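Here are my notes on the model, point by point. Have the structure open beside you as you read.

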Amino acid sequence: MLLDLMQNVVSKVSEDVGFNVRFMYGSTLSVVNEITLLRRRMEVYPAIILFQEGIIETDKRYWYEYDIPKMAIATTTKYDLTDMQRINTTFQNVIYPIFDSFQKQLRIIDLNYELLLNRTDIPFYHETQNTNNFNQLVDGCIIRRFVLKEEKNRC
């Protein structure tokens, strides 16, 4: 249920921002492996990634509740930019529009209608900073811990 919901939301995000946004799901290791394999054949980014570790799906009487510990929005980076230049280009043109549209689409679905996502920007998400999970250089943001409630009759 959550995967179908997220695929639908990401599809709407792609329409809203005017460019293709890929949806990826799995354990951190499986996502890294998938990205590594896909990058040999096609463009992987930008992407919204749902990490499966720690997700709790609860079937309530009238709704489904999804406790989501971690997601990411990522796109390829350019080596020769400062962090400020990254914010003014990659983040303003790709990451923030995707994030804003993603949050807007989730608010339409969420029963509380006040869903607020917590975003941590990570320019130049790189291995030498001991923070790179993607085996390459990406700009992105991490979305940590949120609960989404979806009405059952919407499914």
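1. Start with Thr90, which sits in helix H3; helices here are DSSP runs of H or I with at least four residues, strands are runs of E with at least two, and both are numbered from the N terminus. Thr90 is buried because its relative accessible area is 8%, where buried means under 20%, exposed over 50%, and partly exposed in between, with a 1.4 Å probe and protein chains only. Setting aside residues up to four places away in sequence, Thr90 touches Thr75, Thr76, Ile95 and Asp139; a contact means heavy atoms within 4.5 Å.

2. A word on the source before going further. This is a predicted model, in which local features need pLDDT of at least 70 and side-chain atom pairs count only at pLDDT 80 or more, while totals for chains, interfaces and linings use all residues. Residues are numbered from 1 along each chain as its sequence is written, and side-chain values use heavy atoms, with hydrogens and water left out.

3. Gln92 is also a residue of helix H3. Buried or partly exposed, which is Gln92? Gln92 counts as partly exposed, because its relative accessibility is 40%. Once its neighbours within four places in sequence are left aside, Gln92 is in contact with Ile87 and Pro97.

4. Pro97 turns up again where helix H3 meets helix H1. Two packed helices are described by the angle between their axes and the distance between the axes. For H1 (residues 2–17) and H3 (residues 83–109), the angle is about 130° and the axes are 9 Å apart. The axes are lines fitted to C-alpha atoms, for helices over the stretch in contact, and angles run from 0 to 180 degrees between N-to-C directions. H1 and H3 are therefore oblique to each other; angles under 35 degrees count as roughly parallel, over 145 as roughly antiparallel, 65 to 115 as roughly perpendicular, and the rest as oblique.

5. The crossing of H1 past H3 is right-handed, meaning that the near helix is turned clockwise from the far one by less than a right angle, with anticlockwise giving a left-handed crossing. Which residues meet there? From H1 come Leu5, Met6, Val9, Lys12, Val13, Asp16 and Val17, and from H3 come Pro97, Ile98, Ser101, Phe102, Lys104, Gln105, Leu106 and Ile109. The residues of this contact divide into 10 nonpolar, two polar and three charged. In that scheme Ala, Val, Leu, Ile, Met, Phe, Trp, Tyr, Cys and Pro are nonpolar, Asp, Glu, Lys and Arg are charged, and the others, Gly among them, are polar.

6. Take Lys104 from that list; it lies in helix H3. Lys104 counts as partly exposed, since its relative accessibility is 40%. Lys104 and Val9 are 95 residues apart in sequence, with 9.6 Å between their C-alpha atoms.

7. Strand E6 (residues 138–151) is worth a look for Arg145. Arg145 is not a glycine, yet it has a positive phi of about 35°. At 47% relative accessibility, Arg145 counts as partly exposed.

8. Gly140 lies in strand E6 too, but counts as buried because its relative accessibility is 6%. Not counting residues up to four places away in sequence, Gly140 touches Ile73, Ala74, Phe91, Ile95, Thr120, Asp121, Ile122 and Pro123. The C-alpha atoms of Gly140 and Ala47 are 9.4 Å apart in space, while the two residues are 93 apart in sequence.

9. Check the backbone at Tyr45 and Pro46 as well: a cis peptide bond joins them, with omega about 0°. Pro46 is placed in the loop between helix H2 (28–38) and strand E2 (47–51).

10. Tyr64 belongs to strand E4 (residues 63–76). At 14% relative accessibility, Tyr64 counts as buried. Its C-alpha atom is separated by 8.7 Å from that of Met1, 63 residues apart along the chain.

11. Last, the overall picture. The protein has three helices and six strands, running α-β-α-β-β-β-α-β-β from the N terminus on. Of its 155 residues, 48% count as buried. Among contacts with a separation of 6 or more, 66% are between residues 24 or more positions apart. The accessible surface comes to about 8400 Å², and 47% of that belongs to carbon and sulfur atoms; areas come from the Shrake-Rupley method with a 1.4 Å probe, and for residues only the protein chains shown count as cover.
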